[in-house]
Amino acid sequence: MGEFKVNEYITLKLENSRTNIYIEGKKFIQCKYVLIRKTVYKLEDFLENIESVDEMAEHLDPSLPIDIPPETRFWVHCSNLQVWVENNYDTRLLHSNLAFPLLKKLTQIGDPLAKRVFKDEIAKRVKSGHPSVIEFLLCERYLDYLNTEEIETLFEDLDLESIIRQMPGILIGLHICYARLGTVRINKNRFLFSLNHYDYPVIKNLIESNYIRALNRDDLNRLFENFDYGLILREDPYCHQVFNRLILLKAPNAKNFYRDWIFEKFKSGNNSEIVSLIIHGQIHLLDREDKLMLFDMIDYNYIMEHKEALTLFKHLKYLGAPNLKELYKDLIANLIKTDFDFYEIANEITRGVLDEYSIEDITALFRDIDYEHIAEEYLDIAPKFLEKLIKLGIQEAKEFYESEKFLKKILIESEIPFFLDLSPKLNLLRRRIVNKRIVDLNLKGCDLNEIPDSIGKLTQLQKINLLKNRLTSLPSSMSNLKLLKELELSQNQFNEFPSVISQLNSLEVLRLKINSIEEVPDTISSLKKINRLLFN
């Protein structure tokens, strides 16, 4: 392991082929890069023509590999740090993302030289006018060590217009910096009010930041009074998001310009463009009256035959388009009767798209549907889909759902008998299935007076809810439920504590509220994992 002591505070160590910097014996940062095969002693030719190592780094070709042995790399770093220290911590001699963290840390630990030069180095590097360095100092909050007057002085002689054109974030960073310093005044320079069409990236940065919001009404009007809003449409695929921001800010003429553009597109009769505007949410910015006029211009026959018809109708419904119900019904009917995207339709139906339809209409829609094919091809969502159809009143769906044919699709054979024993008494079985095994079963309020012995076959069951039934006992086969963690038996008709419960060693939660149990047996102490036990 190599080690080099730069001064009383800084030591470099070669550890696992990496050069690490230690400050007062504590690891602080790693030296990651050697920009060129030269020490700082040999950089005079470079530094004659450029301001700092940061600028040199931007002129080097990053695609050229620098294959330097770790030991050589270590001694290059040692040489660079030594020259940096000997030149009174001149931050131009190291990359800013190394020089300033080091200088800050040395200042914090009490290095008198660092304390003396820290603010001067910040000022010197800002005055250099190098955009990437200024942005780094702003982002890393080094300017917070200066007061408002000092910051203003640093920037007064700089060509801020040129700098901000290269790094728009600097203007935003300055605003944030002033805000942290508690300065109400916003830095309004001549550049802000002379942005031209080629400055859109700058404008967009300003719009999306809080900088614009800090302007008063007069300044906001001044900024946008001559701005070419068409530039946003031409240059930004997410133009509606930018206009949304501008409209909220009440930028002059932004809303009227956007409205006129939308109406022009609709009046052109170009259906593909109209569809694009609807799908991308570009008309939601308009007022209700404007939207109603646009809805009258839509060719709904074109919408009905579009490959994204369902998505389009969802957007139109969200936007408040009137008289969609019958059209939507026809669309759903067409999709169901043709080779439709089952996942899309099933999701829409489970979300309630047919909830307002009459039972006659719904029955007609699903009269010829092949439930067995759905169960075969879409097993992952078929149960929820069928459950929704049952709630809507489709008898054929209910019959298939409760049939052995469907149970064989979703369960292993040993678990099927339990459901066949119960299904005549239930309108809807609620369960969670993982790998064709029941892990969660909800039989709340099913008017059960007994549980069939076949429940013992559900060996992967972890949770069962039997709330609000008429149970007086539990079958001994439940002792096979070795994974059962939660058992809800409240509001039944138990007179005695079911003895089989004491054999459920994985049980963590047991509820037996509102029963007639007067005594809990000592055997319950065998349930070592119980953390919630609720009785009357």
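Which loop holds Y378? The legends below concern a predicted model, and the first view answers this.

**View 1. Y378 in the loop between α22 and α23.** Y378 is found in the loop that lies between α22 (371–377) and α23. Leaving out residues up to four places away in sequence, Y378 touches F342 and Y343. Along the chain Y378 and F342 are 36 residues apart, and 8.1 Å separates their C-alpha atoms.

**View 2. The crossing of helices α20 and α23.** Helix α20 covers residues 342–350 and helix α23 covers residues 382–392. Their axes come within 9 Å and cross at roughly 45°. On the α20 side the meeting residues are F342, A346, I349 and T350. On the α23 side they are K384, F385, K388, L389 and L392.

**View 3. Contacts of F366.** With neighbours within four places in sequence set aside, F366 is in contact with I336, I349, L354, Y371, F385, L389 and I394. Among these partners, I349 belongs to α20, while F385 and L389 belong to α23. F366 is also listed, with W84, F224 and L487, among the residues that have the most contacts inside the largest nonpolar core.

**View 4. The largest nonpolar core.** This core has 169 residues. Its largest share, seven residues, is supplied by helix α5 (residues 112–127). In the protein chain as a whole, which has 536 residues, 49% are buried. The secondary structure of the chain comes to 26 helices and 10 strands. Of the contacts in the chain with a separation of 6 or more, 51% are between residues 24 or more positions apart.

**View 5. Confidence along the chain.** The protein chain has a mean pLDDT of 81, and 87% of its residues reach 70 or more. Where pLDDT is low, the predicted coordinates should not be read in detail.

How values were computed:
Residues numbered from 1 in each chain as written. Predicted model: local features only at pLDDT ≥ 70, side-chain atom pairs only at ≥ 80, totals over all residues. Heavy atoms only, no water. Core = buried A, V, L, I, M, F, W, Y, C linked by side-chain atoms within 4.5 Å. Buried < 20%, exposed > 50% of the residue type's maximum accessible area, 1.4 Å probe, protein only. Helix = DSSP H or I, 4+ residues; strand = E, 2+ residues; numbered from the N terminus. Contact = heavy atoms within 4.5 Å. pLDDT = per-residue confidence, 0-100. Axes fitted to C-alpha atoms, helices over the stretch in contact; angles between N-to-C directions.
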